[in-house]
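User: I have some questions on how the labels for this model follow from its values. Please set each value against its cut-off.

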Amino acid sequence: MKKYQHIFFDLDHTLWDYDRNVQESLSELYDVFQLAKLGITAPQDFIQAFYNVNFKLWALYDVGKIDKEGLRATRFKLVFENAGIDPESVPHGLEPDFMHRTSTKQYLFPYTLEILDYLKPKYPMHIITNGFNESQAKKLNASGLSPYFDLIVTSETTGHKKPDPRIFQYALDNLGITNQDVIMIGDNPNSDILGAINANIDQVFFDPHSKGIDMKPTHTIKHLKELEKLL
């Protein structure tokens, strides 16, 4: 097995359990903001409307068609619209409460801390994420992940978003290493795997739900514990 000197990890959906953390937050917000009185009949309807909208918004963000402020300003208006509710009835403070509440959730994927404990003595580890600086820092601190990672690279800091190879090159330059020295671990076929391919970096595709991928990653795993056999 090729010996790497550093490891790059994605954060959301790879280590930090985005879906579980977001769904719990949305259920809490449904009660806190009394959304039933506004016409959203059940928390699951609110969650489903969020998913119908949020992924598309992030896809626009990833290709530069919407910025951070635009995403946050329009997200819950579009969620309400998707749920069949007047978008102008979004309660004041819903978006910032969502951001704060979600970022302080602590659910991680199975084996996350176990595998990081295994890898930490062997490799310097770093995060490369398209998420926003403030929320990603809160997630890392709240979930206990911060001590494992040295460099945290965000699209907001670099001005480039995965799969743009320049976000990877920013990390390589900061660490004083080459693309041969590192492997990228992530769940997203486009941003993580294609991004690493674009930067000539080996990849591990984390595919816990067996969704598959059109590309040919260097490795594919279903559980983070499988990294013990690779690294």
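User: What makes α3 and α4 roughly perpendicular?

Analyst: This is a predicted model. In it, the axes of α3 and α4 cross at roughly 105°. Angles from 65 to 115 degrees count as roughly perpendicular. The two helices are therefore roughly perpendicular to each other. Their axes come within 9 Å.

User: Which residues make that contact between α3 and α4?

Analyst: From α3, Arg72, Arg75, Phe76 and Phe80. From α4, Leu94, Glu95, Phe98 and Met99.

User: How do you know that the span of α2 agrees with its 20 residues?

Analyst: The expected span is 1.5 Å times one less than the number of residues. For the 20 residues of α2 that gives 28 Å. The end C-alpha atoms are 28 Å apart, so the two values agree. Just after α2, Gly64 takes a positive phi of about 80°.

User: And how do you know that α1 has the span it should?

Analyst: By the same rule, 15 residues should span 21 Å. The end C-alpha atoms of α1 are 21 Å apart, which agrees. Just after α1, Gln34 has a positive phi of about 50°.

User: Which residues of α1 and α2 are called buried, and what do they pack against?

Analyst: Buried means under 20% relative accessible area. In α2 the label goes to Phe46, Ile47, Ala49, Phe50, Val53, Asn54, Leu57 and Tyr61. These pack against α1 (18-32), α3 (68-82), α4 (94-103) and α7 (155-158).

User: Why is the largest nonpolar core said to lie between domain 1 and domain 2?

Analyst: The core has 52 residues. Among the members that touch the most others are Ile7, Phe9, Leu26 and Phe46. Helix α2 (residues 43-62) gives the largest share, 7 residues. Domain 1 (6-17 + 108-229) and domain 2 (18-104) both contribute residues, so the core lies between them.

User: What does Leu227 touch?

Analyst: Leaving out residues up to four places away in sequence, Leu227 touches Phe9, Ile115, Ile185, Val204 and Ile221. A second, separate core has 14 residues, including Phe8, Ile167, Val182 and Met184.

User: How far apart are the C-alpha centres of the two domains, and how many residues make the contact?

Analyst: The C-alpha centres of domain 1 and domain 2 lie 26 Å apart. The contact takes 14 residues from domain 1 and 15 residues from domain 2.

User: Why is Asn200 called exposed, but Ser210 partly exposed?

Analyst: Exposed means over 50%, buried means under 20%, and partly exposed is in between. Asn200 has a relative accessible area of 54%, so it is exposed. Ser210 is at 45%, so it counts as partly exposed.

User: Where do these two residues sit, and what is their phi?

Analyst: Asn200 is in the loop between α9 (189-198) and β5 (202-206). Its phi is positive, about 60°, although Asn200 is not a glycine. Ser210 is in the loop between β5 and β6 (219-221). Ser210 is not a glycine either, yet its phi is positive at about 55°.

User: Which residues does the cis peptide bond join, and what is omega there?

Analyst: The bond joins Lys162 and Pro163, with omega about 15°. Pro163 sits in the loop between α7 and α8 (165-175).

Methods:
Residues are numbered from 1 along each chain as its sequence is written. This is a predicted model: local features need pLDDT of at least 70, side-chain atom pairs count only at pLDDT 80 or more; totals for chains, interfaces and linings use all residues. Side-chain values use heavy atoms; hydrogens and water are left out. A nonpolar core is a set of buried Ala, Val, Leu, Ile, Met, Phe, Trp, Tyr and Cys residues joined through side-chain atoms within 4.5 Å. Buried means under 20% relative accessible area, exposed over 50%, partly exposed in between (1.4 Å probe, protein chains only). Helices (H or I, at least four residues) and strands (E, at least two) are DSSP runs, numbered from the N terminus. Domain bounds come from an automatic or database domain assignment. Contact means heavy atoms within 4.5 Å. Axes are lines fitted to C-alpha atoms, for helices over the stretch in contact, and angles run from 0 to 180 degrees between N-to-C directions. Angles under 35 degrees count as roughly parallel, over 145 as roughly antiparallel, 65 to 115 as roughly perpendicular and the rest as oblique.
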